[in-house]
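Open the model in your viewer and keep the sequence panel beside it. The tour below goes from one selection to the next and says what is found at each stop.

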Amino acid sequence: MIPLITATGLSVRHGEAEVLSDVDFTIAPGEIVTVVGPNGSGKSTLIRALIGLEPLARGTVRRREDLVIGYVPQKLHIDPSLPMTVRRFLSLPRRVDDASAEAALMRTGVPGLGGRQISRLSGGQFQRVLLARALLARPDILILDEPTQGLDQPGTAAFYKLIEEVRGETGSAVLMVSHDLHVVMSASDRVICLNGHVCCAGTPRVVSAAPEYRALFGLGTGGAFALYRHVHDHDHEADEGHGHDPSAPHCAHPHSHEHDHA
């Protein structure tokens, strides 16, 4: 199976500061991969580098030929004084017909919002409209950068349940950046813990037990992962061999020079 995106030795610099160093990454068709890490760890920079919006200092990124990406950015500022309906927004940058637009809104749980002004949407409604717009491209991969930022706990849980349903229906891969570990981990096939470099990677169970992960997020996340283990308490043979690298650099201290507020 040909990976959708593969990065080898990816490094990014912002001025004199190296924000990402020697990151290897791959995502296969249909996978849900979650990238976690503290503020300033380079998560959003990694996403931008993978889709070609961030120049590389070193390394390579290969995207499958004719890969269609549906991108939901971390922040999208729309001037509230600019009159724009949801329906018009869905036709940017390429026009879509009314039936497709309404079907996308219905699929993401916000039917009938086409005539509403974008500036009048709640945070949760806006995120669902962004997702609807991404789905209209029929993407091979959905890339979501902190899509639940600002949502409350029920809104966050509902949004990630929706993402999992969409993946099940469309078969698209999902790559997302998140802090919502207790919700996202249970839906992820693979987790990458980032702090300027890859600290550890593997299934949620493997990563939750990794000392590099615990150094970053502390023992307070134990309850979150206990919930995951309680719901899915069985052995994963595939876990073996996909854990953290004991020789990987320790990740207790985020790089103070970074400016990536993912």
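Start by selecting R138, which is placed in the loop between α4 and β6 (141-145). Helices and strands here are DSSP runs (H or I of at least four residues for helices, E of at least two for strands), numbered from the N terminus. The phi of R138 is near 50°, a positive value in a residue other than glycine. R138 is exposed, with a relative accessible area of 72%. For this and every later stop, buried means under 20% relative accessible area, exposed means over 50%, and partly exposed is in between (1.4 Å probe, protein chains only).

Before moving on, note what kind of model this is. It is a predicted model, in which local features need pLDDT of at least 70 and side-chain atom pairs count only at pLDDT 80 or more, while totals for chains, interfaces and linings use all residues. Residues are numbered from 1 along each chain as its sequence is written, and side-chain values use heavy atoms, with hydrogens and water left out.

Next, select E146, in the loop between β6 and α5 (153-170). E146 also has a positive phi, about 50°, although it is not a glycine. Is E146 buried or exposed? At 4% relative accessibility, E146 counts as buried.

Now colour the whole chain by pLDDT, the predictor's confidence in each residue, from 0 to 100. The average for the protein is 81, and 81% of the residues score at least 70. Over residues 221-262 the pLDDT is below 50, and beyond near neighbours in sequence this stretch has 76 contacts in the model. A contact means heavy atoms within 4.5 Å.

With the whole chain still in view, switch to a cartoon. The protein has nine helices and nine strands. Of its 262 residues, 48% count as buried. Among contacts with a separation of 6 or more, 71% are between residues 24 or more positions apart.

Zoom in on strand β3 (residues 32-36), and pick T34 within it. T34 is buried, with a relative accessible area of 1%. Show side chains: that of T34 makes a polar contact with the side chain of S188 (2.5 Å). A polar contact is a pair of N or O atoms within 3.5 Å; within protein, one must be able to donate a hydrogen and the other to accept it, and residues adjacent in sequence count only if both atoms are side-chain atoms.

Stay on β3 and look at its two sides. In a regular strand the side chains alternate between the two faces of the sheet. On one side of β3 are I32, T34 and V36, on the other V33 and V35, and all are buried. Five of the five residues of β3 are buried, so the strand is largely enclosed by the rest of the structure.

Which strands pair with β3? One is β7 (residues 173-177), parallel to β3 over four bridges; two strands pair if DSSP finds at least two bridges between them. In β7, M176 is the bridge partner of T34. Another is β8 (residues 190-194), also parallel and joined to β3 by four bridges. There, C193 is the bridge partner of V36.

Move to F89 and F126. Rings of Phe, Tyr and Trp (its six-membered ring) pair if their centres lie within 6.5 Å; planes under 30 degrees apart count as stacked, over 60 as edge-to-face and the rest as tilted. By this rule there are two aromatic pairs. F89 and F126 form a tilted one, 6.4 Å centre to centre with 40° between the planes. This pair links distant parts of the chain: F89 is in helix α2 (residues 86-90) and F126 in helix α4 (residues 123-135), 37 residues apart. Both F89 and F126 are buried.

The other pair is F159 and Y160, edge-to-face at 6.0 Å centre to centre and 85° between the planes. F159 and Y160 are both buried.

The charged end of R133 sits over the F89 ring, 4.9 Å from its centre (the rule asks for NZ of Lys or CZ of Arg within 6 Å of the ring centre and within 35 degrees of the ring normal).

Finish at P93, in the loop between α2 and α3 (98-107). The peptide bond from L92 to P93 is cis, with omega near 0°.
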